[in-house]
Amino acid sequence: MKALFEILKPGEKDWDLARMLDPGRLPRHIAIIMDGNGRWASRRNLPRVAGHKAGIEAVRATVETSARIGIEIVTLYAFSTENWKRPRSEVETLWNLLHTYIRKELPTLMENNIRMRPIGRLHQLPEQVRQDLEAAMNETSGNTGLLVNLAINYSGRAEIVDAVNAAVRAAREAGAVDEHFRLDEALIAAHLYTAGQPEPDLLIRTSGELRISNFLLWQIAYAEIYVTPTLWPDFRRTDLLEALLEYQKRDRRFGGLAGTRSGNPDSSFIEALGSPAQ
Ligand code: IPE
Ligand code: IPE
Ligand code: MG
């Protein structure tokens with residue numbers, strides 16, 4: 001949080017929002033469905049690709065703010081396996097933008113100790129895109145600060161299928177596949193693209209759509225979901241701070257009873273019993 005206050009000025013809105021955050025209860029991992037680029041452009045009578053281009057500034061702001069706050073992991077949904085259904089020209093523009101973004105941002109990622117890891121079925125991507133992603137991953141692999149998972153040609157179902165196949169393959173290679181062999185949650189989780197990472201605590205979706213669109217299906221089992229009507233190209237530091245404040249209001253129960261923050265459920269039950277009839 002200290003690095004965030006270095007760039008904020010007392011009295012400005014983001015300063016006030018940041019002051020309200022509890023540094024002890026920040027999410028470790030934030031996942032974001034970056035949606036609404038096309039609508040952002042349409043509202044300005046611009047071609048859809050102008051929205052994708054404008055979205056890059058939102059990525060920059062989100063990555064910088066997350067790093068300054070001290071978030072450990074941010075997973076950004078940039079391209080789904082279903083996005084191939086879009087016109088070829090739109091898809092190609094996305095690859096070109098990615099190429100430019102990586103080339104331009106690499107020095108900033110290095111300066112800020114940020115690690116970039118692509119996740120998805122990368123082998124199906126055009127050669128140049130794969131090379132760009134691999135170069136960024138290799139170059140930043142020694143960094144120890146914020147980890148940015150960039151979900152590209154990503155599908156939550158495909159990830160689970162890939163994880164199951166990888167788990168079975170590993171077990172077979174270890175000679176462990178016999179009639180007693182069973183997959184379990186730990187084994188599948190150990191072969192996900194995000195193996196070893198804590199699951200997202202907070203899932204943000206921009207542009208108001210109330211759906212998951214095949215993102216991190218396994219990992220979001222208990223993520224807190226935050227949907228904002230803000231379109232992705234308009235998403236900035238203030239929006240992220242507002243999402244974090246909302247996250248800190250949630251009572252994460254994980255199927256259990258109310259957490260410490262909302263008090264002991266037993267005592268509130270007893271209080272309710274003792275209150276006059278409504
Ligand atoms: C999200 O914005 C970016 C990608 C899916 C690549 P959209 O392009 O889906 O924008 P809308 O949802 O059509 O407004
Ligand atoms: C989800 O957005 C994928 C990304 C943000 C990359 P979409 O725009 O593809 O999702 P739908 O079609 O509205 O569900
Ligand atoms: Mg969309």
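Me: In this predicted model, which residue has a polar side-chain atom 2.8 Å from an oxygen atom of ligand 1?
Reply: Look for an N or O pair within 3.5 Å. A distance of 2.8 Å to an oxygen atom of ligand 1 passes that cut-off. The side chain that supplies the polar atom belongs to Arg-48.

Me: How much of ligand 1 does the protein bury?
Reply: Start with ligand 1 taken alone. It then exposes 380 Å². Of that area, the protein buries 87%.

Me: Which element gives the most to the shell around ligand 1?
Reply: The residues around ligand 1 include Met-34, Asp-35, His-52 and Leu-94. Helix 3 and helix 4 each supply at least two residues of this shell. With three residues, the top contributor is helix 3.

Me: How many residues in the shell around ligand 1 are polar?
Reply: Sort the shell by class. Three residues are nonpolar and four are charged. Glycine counts as polar in this sorting, and Gly-36 and Gly-38 are among the residues around ligand 1. The polar residues number five.

Me: Now ligand 2. Which residue has a polar side-chain atom 2.9 Å from an oxygen atom of ligand 2?
Reply: Arg-205 has an N or O atom 3.4 Å from an oxygen atom of ligand 2. For Asp-35, the distance from a polar side-chain atom to a ligand 2 oxygen is 3.2 Å. The 2.9 Å distance belongs to Asn-83.

Me: What share of the area of ligand 2 does the protein bury?
Reply: Again, take the ligand alone. Ligand 2 then exposes 390 Å². The protein buries a share of 78%.

Me: Which strand gives the most to the shell around ligand 2?
Reply: Among the residues around ligand 2 are Tyr-77, Ala-78 and Phe-79. The strand in question covers residues 73-80 and gives three residues to the shell. That element is strand 2.

Me: How many charged residues are in the shell around ligand 2?
Reply: Five residues of this shell are nonpolar, and two are polar. Asp-35, Arg-86, Arg-205 and Arg-211 are among the residues around ligand 2. Asp and Arg count as charged. The charged residues number four.

Me: Where does ligand 2 sit?
Reply: Consider the pocket that ligand 1 takes. The space of ligand 1 is the largest pocket. The space taken by ligand 2 is also the largest pocket.

Me: How much space lies in the largest pocket?
Reply: The lining of this pocket has 30 residues, and Met-34 and Asn-37 are among those nearest its centre. By class, the lining has 15 nonpolar, eight polar and seven charged residues. The space in the pocket is about 710 Å³.

Me: What is the volume of the largest cavity?
Reply: The count is one cavity of 30 Å³ or more. Val-59, Tyr-101 and Leu-150 are among the residues that line the largest cavity. Its volume is about 50 Å³.

Me: Which class do the nine residues lining the largest cavity belong to?
Reply: Val-63, Leu-76, Ile-114 and Met-116 are part of this lining. The lining has no polar and no charged residues. Its nine residues are nonpolar.

Notes. Residues numbered from 1 in each chain as written. Chains lettered and ligands numbered in written order. Predicted model: local features only at pLDDT ≥ 70, side-chain atom pairs only at ≥ 80, totals over all residues. Heavy atoms only, no water. Near = heavy atom within 4 Å. Polar contact = N/O pair within 3.5 Å; in protein donor to acceptor, adjacent residues only side chain to side chain. Areas by Shrake-Rupley, 256 points an atom, 1.4 Å probe, with all protein chains shown as cover. 1 Å grid on protein atoms, 1.4 Å probe; cavity = no way out; pocket = protein on both sides within 12 Å on 5 of 7 lines; lining within 4 Å. Sits in = over half its atoms within 2 Å of the grid points. Helix = DSSP H or I, 4+ residues; strand = E, 2+ residues; numbered from the N terminus. Points joined across faces, edges and corners; volume = space filled by probe spheres on them.
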